[in-house]
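The following paragraphs lead through the packing of helices in a protein and then through the surroundings of its ligand. Please view the sequence alongside the coordinates.

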Amino acid sequence: MPVEPTSPPTESKSADRPVLSPKPRVLSGIQPTGIGFHLGNYLGAVRNWVAMQDDFDAFYFVPDMHAITVPHDPATLRRRTRESIAELMALGLDPARCTLFVQSHVPEHAELAWVLGCITAYGEASRMTQFKDKAARSELGAATVGLFNYPVLQAADILLYQADQVPVGDDQRQHLELTRDLAKRFNSRFGGTFTVPAPYIPARSARIADLQDPSRKMSKSRPPAGTVYIQDDPKALAKKVRSAVTDTGREVRAAEEKPGISNLLNILSTLTGRGIVDLEATYADSGYGAFKADVAAALVEFVAPIQQRYRDILADEAGLDAVLVAGAAKATAVAADTMRRVRAGVGFLPLGSRSG
Ligand code: TRP
């Protein structure tokens, strides 16, 4: 049957998504690399994902296919993918209230990435700053085609699910712009197929800095002394906070010239829900030592129940398997529907069809 070209959808509405849920759809992903998630991942991203589960039709996934764009160890990837799902659940993602899945369990991601790659200009992909940065760090010529294609795969992740909004950090803005361009391009060439996603800017988003170098964002790629991992034990947490770089003087006050103290205040404020001004008043006469001890205590108190849940989730292997299977099924239902339309749109011959 010939495919009737349909008119492109309006920006915020999907082409013809069945109106099963009136909630806007959000989608985001977090890589399974490294030791585990850190406080910056949680306070800057995952905490918002958790809060969005009820008001949005939320899709969250672990992009293991993105993780192989740089050299990796298969056994570690396998273990980390599982642990990442468990850790996201321990942090509050609830598979009963969101669609939680592993990217490679839904092969449509790769299939759509191929199609989108064919409407992406080489020059356009070459302008992606994250690729340029990463490529510059590897040996000359050693950066892979997969790494080059990373943003196109990310666009596929988003467009497959007809996401309305995508919560991402600043470093992913350019990838989201590319995604929007590709969605509009596909829609105008082949008929309205994709929702054009908008960035989601959360009302409260904490930007957590490295404890050893508060001028930089907390990151898994920085030395562990400055990065607070959710799975750190109490002793390690206390040590990291105690040795956190502070500023000269002894006033506990948020100020531009006091980035170290400001960062710790920010952490304590987001963990306890207390305002910065309130905290400044509390610690007005106490000096850095007592303040740091309280930050460490708040962190220990915060991670303890999360670590317990994490261990319980990982220990229940069958339970975790069931979560993965159910998540893959829910995701596939949506992805397969989009891919059917994409295949028809670009003109792939349906199997067993004599017309078209
Ligand atoms: N590139 C993202 C990051 O490093 C992870 C990611 C992959 C993602 N696919 C996505 C985020 C789709 C949002 C939507 O943070």
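Helix α9 (residues 173-190) and α8 cross at roughly 65°, and their axes come within 9 Å. Axes here are lines fitted to C-alpha atoms, for helices over the stretch in contact, with angles from 0 to 180 degrees between N-to-C directions; helices are DSSP runs (H or I, at least four residues) and strands likewise (E, at least two), numbered from the N terminus. This is a predicted model, in which local features need pLDDT of at least 70 and side-chain atom pairs count only at pLDDT 80 or more, while totals for chains, interfaces and linings use all residues. Residues are numbered from 1 along each chain as its sequence is written, and side-chain values use heavy atoms, with hydrogens and water left out.

The crossing of α8 and α9 is right-handed, a term that applies if the near helix is turned clockwise from the far one by less than a right angle. Contact (heavy atoms within 4.5 Å) involves Y150, P151, V152, Q154, A155, I158 and L159 on the α8 side and H175, L176, L178, T179, L182 and A183 on the α9 side. By class, the residues of this contact are 10 nonpolar, three polar and no charged. Ala, Val, Leu, Ile, Met, Phe, Trp, Tyr, Cys and Pro count as nonpolar, Asp, Glu, Lys and Arg as charged, and the others, Gly among them, as polar.

Helix α4 (residues 108-117) also packs against α8, at an angle of about 115° and with the axes 8 Å apart. This crossing, too, is right-handed. From α4, E108, H109, L112, A113, L116 and G117 take part, and they meet V152, L153, A155, A156, D157, L159 and L160 of α8. The contact of α4 with α8 has nine nonpolar, two polar and two charged residues.

Which element gives the largest share of the shell around the ligand? Helix α8 does, with four residues. Of the 13 residues around the ligand (a heavy atom within 4 Å), F61, Y150, Q154, D157 and Q172 come nearest. A nitrogen atom of the ligand lies 2.7 Å from a side-chain N or O atom of Y150, and for Q154 the corresponding distance to a ligand nitrogen atom is 3.0 Å. D157 places a polar side-chain atom 2.7 Å from a nitrogen atom of the ligand.

Definitions and conventions. A polar contact is a pair of N or O atoms within 3.5 Å; within protein, one must be able to donate a hydrogen and the other to accept it, and residues adjacent in sequence count only if both atoms are side-chain atoms.
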